[in-house]
Amino acid sequence: MSDLSAQIHQGIECLNRGKPADAVKIFKRILPKNPKNAELQHLTALALIQCGREKVGRKYLDRALELSPGLADANNTLGVLLRQEGRLDEAICAFEMALQSEPDNLRALNNLGHLLSGANRAERALEVLQHLETLDPENGVVQNLLGTSYLYIGELKKAAKCLRRSVTFMPEHSGSWLVLTELDNNISDQDVSTMQQALVIHKNSPDDISKIAAALSRVFEQRKDYSISAGYLLQANRVRRSSIQYSIDKEELVKREIAQLMGSAFLDQTKKQTFG
């Protein structure tokens, strides 16, 4: 490993440990001697953004893409930032650009699949998510998105199948349970027990509790056990109302989401990629 590679690896390790400020110091120390290294420019941008210095980081990101317009991870990072700004069409283009260079880039596939599903572009979302499924077949979130996309085009059996796989891999996935209980009238006692356990897991998440309680209410309504159904429905409504009071500092939330979605592209390369 060359000295440059060793220093870059050291910076990546800092990002891995959640110390982006230390990573910035390392990358800025070696950048003056390697100004045309697009990957290094992108890493510097990523570290700065994770430090909350998005405006400065964007300059390094622009430089990375100027040097290497097809750099997959830099385009993925750009897509995340554009999505945060509400520029969804441009974000989609950035993720698509990333995949042109690197079709199996899990993070770009994941981000594009999420965005297309939310934008109601089910057919393209299915293409992306089906490819992602071949690369990461036991990802519960991907199965949830597949189920949602099938639902949009009216493929209810396929939607139910994917949502069932979603809760198999992620038993606590509230959104999957909420829709699955609408599509499947054969929810088992084991399913009910799993949802009840998920209520405990999500005790600090009003939105998740509300969805699971609503799903349980639906199950017991189907079983004609109306008193239990009403109890869960009351819980869902009570939590939903209280969640209006539930707030997280918006700036911190955005920082956390950016960090999760972007991760470090080069961290991914060291692991052969894995949505954050």
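Me: Is helix 7 largely enclosed by the rest of the structure or exposed, and how many of its 13 residues are buried?

Reply: Helices here are DSSP runs of H or I with at least four residues, numbered from the N terminus. A residue is buried under 20% relative accessible area, exposed over 50% and partly exposed in between, with a 1.4 Å probe and protein chains only. Eleven of the 13 residues of helix 7 are buried, so this helix is largely enclosed by the rest of the structure. Among the buried residues are Leu106, Arg107, Asn110 and Ser117. This is a predicted model, in which local features need pLDDT of at least 70 and side-chain atom pairs count only at pLDDT 80 or more, while totals for chains, interfaces and linings use all residues. Residues are numbered from 1 along each chain as its sequence is written, and side-chain values use heavy atoms, with hydrogens and water left out.

Me: What span does helix 7 reach from its first C-alpha to its last?

Reply: The expected span of a helix is 1.5 Å times one less than its number of residues. Helix 7 (residues 106-118) reaches 18 Å, close to the 18 Å expected.

Me: Which residue places a side-chain oxygen at the start of helix 7, and which residue follows the helix?

Reply: A polar contact is a pair of N or O atoms within 3.5 Å; within protein, one must be able to donate a hydrogen and the other to accept it, and residues adjacent in sequence count only if both atoms are side-chain atoms. At the start of the helix, a side-chain oxygen of asparagine 105 comes within 3.2 Å of the backbone nitrogen of arginine 107. Asparagine 120 follows helix 7 and has a positive phi, near 60°.

Me: Which side chain makes a polar contact with that of threonine 181?

Reply: Threonine 181 belongs to helix 11 (residues 174-183) and is buried, at 0% relative accessibility. Its side chain makes a polar contact of 3.0 Å with the side chain of arginine 218. Contact means heavy atoms within 4.5 Å. Not counting residues up to four places away in sequence, threonine 181 touches Ile187, Met195, Ala215, Arg218, Val219 and Gln222.

Me: Where does histidine 202 lie?

Reply: Histidine 202 lies in the loop between helix 12 (189-201) and helix 13 (206-222). The residue is buried, with a relative accessible area of 13%, and its side chain forms a polar contact of 3.4 Å with that of aspartate 208.

Me: How many disulfides does a search of the whole structure find?

Reply: A disulfide is a covalent bond between the sulfur atoms of two cysteines. The criterion is a pair of cysteine sulfur atoms within 2.5 Å, and the search finds zero. Cysteine 14 is buried at 5% relative accessibility, whereas cysteine 93 is exposed at 53%.

How values were computed: Helix = DSSP H or I, 4+ residues; strand = E, 2+ residues; numbered from the N terminus.
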